[in-house]
Amino acid sequence: MLAVRCIVGDLQRGGRLLRHVPSESPHPHLRRCFLSQGQRSAGSAPLRLRTRLAVTALLGGGLLAGCWLVSQEKRQKLQQQRRRQLRDAALGHGHFSLLDHRGRRRTKEDLLGRWVLLYFGFTHCPDICPDELDKLSAVVSALDGDASLPPVQPVFITVDPERDDVPALARYVRDFHPRLIGLTGTVEEVRAAGRDYRVYASRGPEDEDGDYLVDHSVLIYLLGPDGLFLDYYNRTKTREQIAQSLRNHMGGGTPWIGRVTSSAPKEV
């Protein structure tokens, strides 16, 4: 009985009893039994490792799936917040009707379905407007180089319709992106378009040659394909920052959440 207990105990310790069994055992069937028990013990280690790896993979997959679901839920909440903020901002909800630089009547509905970068300025502006339109054009050109993105439509609306008629706009837009659309109209039509985006514009005094400047808001507006205002960029924003912002918007990102209501351009 003592021998049996020793055999069982050593089997539980991995079959170390084999070291004490002489090779010339009078009971060869016992040696075969010990060998088979040791082999099974040695083969169980890889099995346990594979089991642990499988369990780890399952747990990791479950965690990733959970994170994805949480991310989707958060994104849906941000999109709902986005719609509320756009309603609160009340920017760009109007429907302007203006003449383009070819003399064609254009309305806001003509831009639906396209991403739009919109800038208000005037053709006699000495430096700021050309700089901003150069920046806007560079952004559009940079995005044109990415075939995965839809084209962006650049638009320029004058705040000086008394001097910026159709021929003046036609000459002016040639210096910038080839898709740039220049828009003008009557004084009231232009003012109505500006009010819709809270654009400030004030004509300065005339000099001895009858020339004057127009003090106005310096902002580039981003409109989505649904025609809603999505973002704006002031003079401190570089072309690289603006281009990246558009990529984020087009890709479904929501980096702008919170900016619409906290820092939207105020009406002066």
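User: Which residue stands opposite Leu183 in β5?

Analyst: That's Asp100. One thing to keep in mind as we go: this is a predicted model.

User: How do you know that β1 and β5 count as paired strands?

Analyst: Pairing takes at least two bridges, and two bridges join β1 (residues 97-100) to β5. The two strands run antiparallel. Besides Asp100 facing Leu183, Leu99 sits opposite Thr184 in β5.

User: What makes β4 a partner of β5 too?

Analyst: Again, at least two bridges are needed, and β4 (residues 152-158) has three with β5. This pairing is in the parallel sense. In β5, Gly182 is the bridge partner of Phe156.

User: Which way do the residues of β5 point, and are they buried or exposed?

Analyst: Ile181 and Leu183 point one way, Gly182 and Thr184 the other way, and all are buried.

User: What makes the contact of Asp100 with Arg106 a salt bridge?

Analyst: The cut-off is a side-chain nitrogen of Lys or Arg within 4 Å of a carboxyl oxygen of Asp or Glu. Here the N to O distance between the side chains is 3.1 Å, so the pair qualifies. Arg106 has a relative accessible area of 13%, so this residue is buried as well.

User: How many bridges pair β1 with β2, and in which sense?

Analyst: Three, in the antiparallel sense, with β2 covering residues 105-107. Ser97 stands opposite Thr107 in β2. The hairpin of β1 and β2 has four residues between the strands, and Gly103 in this hairpin takes a positive phi near 90°.

User: What makes the phi of Arg198 worth a remark?

Analyst: Most residues other than glycine have a negative phi. Arg198 is not a glycine, yet its phi is positive, at about 55°. You'll find Arg198 in the loop between α5 (187-196) and β6 (201-203).

User: How many salt bridges turn up in the whole structure?

Analyst: Nine. One of them links the side chains of Asp144 and Arg179, at 3.0 Å from N to O. Asp144 lies in helix α3 and Arg179 in the loop between α4 (166-173) and β5, so this pair ties together parts that are 35 residues apart in sequence. Asp144 is partly exposed at 34%, and Arg179 is partly exposed at 29%.

User: How do you know that Glu206 and Arg203 form a salt bridge?

Analyst: The limit is 4 Å, and their closest N and O atoms are 2.5 Å apart. Glu206 is partly exposed at 48% relative accessibility, and Arg203 is partly exposed at 40%.

User: Which residues form the negative surface patch?

Analyst: Asp127, Asp131, Asp134 and Asp175. Asp131 is found in helix α3 (residues 128-144). Patch residues need over 30% relative accessible area; Asp131 has 44%, and counts as partly exposed.

Key
Residues numbered from 1 in each chain as written. Predicted model: local features only at pLDDT ≥ 70, side-chain atom pairs only at ≥ 80, totals over all residues. Heavy atoms only, no water. Patch = residues over 30% accessible without salt bridge, like charges linked within 9 Å, V, L, I, M, F, W, Y side chains within 5 Å. Areas by Shrake-Rupley, 256 points an atom, 1.4 Å probe, with all protein chains shown as cover. Lys, Arg positive; Asp, Glu negative; His and termini not counted. Charge placed at Lys NZ, Arg CZ, Asp CG, Glu CD. Buried < 20%, exposed > 50% of the residue type's maximum accessible area, 1.4 Å probe, protein only.
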